[in-house]
Amino acid sequence: MIFHIGSLLLVIALVVSFFGTVVGYWGGRTRSANLAASSFHAVYAVAGLVLAAAVILWYGLLADQFQLAYVWNHSERALPLFYKFSALWGGQAGSLLFWTLLLSGYSVAVALTFRTRQAALMPFVNATLLITSFFFLVLLVFSVHPFEQYEFRPADGQGLNPLLQNYWMVIHPIMLYMGWVGLTVPFAFAVASLLSKKLGNNWVRIVRRWTLIPWMFLSAGIIMGSQWAYMELGWGGYWAWDPVENASFLPWLTATAFLHSIIIQERRGMLKVWNMVLVWLTYVLVILGTFTTRSGILESVHSFAQSDVGPYFLGFLILIIFSFIWLLFDRMPLLRSESAMDSVLSREAAFLANNWLFTGIAFAVLWGTFFPMFSEIITGQRISVAAPWFNKVTGPLFLLLFVMMGIGPLLGWRRTSANKLREQFTWPLLLSLLFALVYWLLVSKQFYPMMGLTACLFVTATIVQEFLRGVLARRAATGENPFTATWQLMRRNGQRYGGYIVHLGIVLIGAAVIGNQFYVQTTNVTLAQGESADLAGYRFTYNGLSAEHQDNRVEYRAYVSIFADDGARLLRTVSPQRNVYDKNPDMPTSEVGIYVLPSEDLYVVLNGWSENSATFSIFVNPLTLWLWVGGVLIVLGTLIALWPHPRRKTVPAPAGVPVRA
Amino acid sequence: MTWLSLAIGLIIALPVIAYVARPLFTPARLLYATDDSRLGDLLARKDTVLSNIKEIEFDHQTGKLNTEDYAQYNQRLRGQALSLLKRIDQIAPGAGDLDTQLEAAIAARRKVAAAPVSDAAAATAASVTEIAGTDDATTKQATEAGGAKEVVMQRSASFCHHCGAPVEPGDRFCRACGTRLREE
């Protein structure tokens, strides 16, 4: 019976979210405080109802209620408790419920933050968030049915998809969803400012923070997904331009562009229409991403479940695309630029170039992702675009983007004079040229990796220079010691210096990608016990295999010793592993054996085994560690940028000072 | 679905509906007065201008802006800040004491060249720079830079009430935005 109540809760939430949408828009239009207050209550009520429904589904999972179709399909008795908990987002219905839950969470956070401020915007914001909730509730109530029950209670469930039984897979979707779902908030503010015609600087300032938060989660989610792919899928890489990976990457690209171009609007009052378009595109790409993941329209290893949600998504997409375009055109006269570009050698011009590049990359990725679908519709044949195509098209764009990342921060607003240009660029350029020369002569004559790594070094040099100059300026003024000065710099100017830390993280990721793209060494070998294989100056010796039965799986573990210096020095014994799950024996998962060095990862995959030999894929992946370090820096830098400015001291004006000029 | 669970659903639904609909049955109120949003926008623009002042000061210190460009932009922005404050004061007299202080300080600073700096004015200038989010560092620098800048400031003592650009004595229209200037 409790599960009937779960369904009913969703139905009530559906009705309330619709009602809240109506009173929100209506209240904003008529400036009625009563309708606005009702929309706030609707936000809280929907959140409470959806949370209660999620708790009921969690109860079903944790208490092994296999009469529930969802639990039967995605859990089993022997599943470790941790994964029973995470099975909530392991399947279609559950993950849509989870989406709705997170969206309600964000909506409540926004409503509580602004319950006494932004009176003109908030009813519209509530309504826009609620209509998104409404859409997902429509899916939950009419299409996917998380609380569907069987007539009887099966003894045991089917088990969770083995690929999802990994702690990265528990945290990665949460991060990704927190990112995706959170990007609804800036969209809601954009819609609210258009509808209320309050298009001043106000919404821009609010939205920066509310974009940074989901952006941080999305970045972390993407990196964690890569980590999962790298550690669990066992093909030696971390990114395959899989449609679902692209689905998470696309809104990241447009959101990143938005975070940059919004600074120009804040500082110079320019690019207002463009920013609206970016925030809307980001939202559309989020919904499109959920659609592609959930409808199985694009064949992909990630589309675990397929069902009839497609038409609903298509309908909603059409609604948000056309209604927003109409709204934007209607409000166009209110979105005039307040100033014009003064010079090409200005930071706003650099930001603009960066925006074109981000949008260019997003367009290329979008095209590549949907090409199979278009080709199937038009020619009847599904032609997939593979990773090399994506690398070829986006690679040069990313290279340019990196160069811009170095140049942009060194330019001043409005205009940079020739002597200042010289002053800013001499050292980073000299250093980069020297590096390129040395690299060309001593390391490798390949053009792209040389250019790429040189660009990385250039950006790093500019960031170091920026920090040095900032610290020196502070020291000159305050006489603080270098550490305090650095700290204060980040504390008081977090937006800028946090941004530089994020850039540094991106540079590290760039270097790791270049290393993995151009310098991977790999071999496939079958080794008898005690036999060795040599690769990249390391020796890999197979010592034997063990099998161990865990809760719901058998773990086969091979032991491989890695030696350096032609077998003279033992570095580490790694144990690549295969897990064969009782419920899904034909879907063994991989657990790679890995030894991480700052310069490269030694990465061993167990492919198969017989009585006394085993087959391995061995990879030497250069610089991969820095991919994860870069990810950590991105999160850290974003936190610095988000951190509230220290409270400003307010010294009361001494009496007797004339107040008016 | 049993009758019992339907009944329970109803029992849950009723208080939810009551909660959401309750504000509709209270006396009707307006969300905001019309001027309110204009004020909010002006305050937001004022904050932006102040943080822009801070930003170019910092750009100048870290060698991205040369001194002439800096002086020019700085003057323009300070003019804008002043005019915004005046408009804020018109809409909501005393909308925050801080703003009044700031206005006083900027005015005091502009007058410095004419009259010797009084201790009180200097103290206000310092406090205001803090309010503007500028570090004490820049205050010190500004005070040290002293004379030259204030002379520049003094030459065009009035500003366009619309966009804040400096106005020469005798101008009838603003050179930047074309607004007809008020007689002062």
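How many helices and strands are there in chain A? Chain A has 19 helices and 10 strands, where helices (H or I, at least four residues) and strands (E, at least two) are DSSP runs numbered from the N terminus. This is a predicted model, in which local features need pLDDT of at least 70, side-chain atom pairs count only at pLDDT 80 or more, and totals for chains, interfaces and linings use all residues. Residues are numbered from 1 along each chain as its sequence is written.

**Chain A**
- Of the 661 residues of chain A, 61% count as buried, meaning under 20% relative accessible area with a 1.4 Å probe and protein chains only.
- Among contacts in chain A (heavy atoms within 4.5 Å) with a separation of 6 or more, 73% come from residues 24 or more positions apart.

- Helix 1 of chain A (residues 2-30) packs against helix 1 of chain B (residues 3-21) at an angle of about 25°, their axes being 10 Å apart.
- These two helices are therefore roughly parallel to each other, a term for angles under 35 degrees.
- Residues that meet here include A:L8, A:I12 and A:F19 from chain A and B:G9, B:I12 and B:V20 from chain B.

**Confidence in chain B**
- Among the elements of chain B, helix 1 has the highest mean pLDDT (89), while helix 7 (residues 147-155) has the lowest (37).
- Over residues 109-157 of chain B, pLDDT stays under 50, and the model has 66 contacts beyond four places in sequence for them.

Notes
Chains are lettered from A and ligands numbered from 1 in the order in which they are written. Side-chain values use heavy atoms; hydrogens and water are left out. Axes are lines fitted to C-alpha atoms, for helices over the stretch in contact, and angles run from 0 to 180 degrees between N-to-C directions. Angles under 35 degrees count as roughly parallel, over 145 as roughly antiparallel, 65 to 115 as roughly perpendicular and the rest as oblique. pLDDT is the predictor's confidence in each residue, from 0 to 100. Buried means under 20% relative accessible area, exposed over 50%, partly exposed in between (1.4 Å probe, protein chains only).
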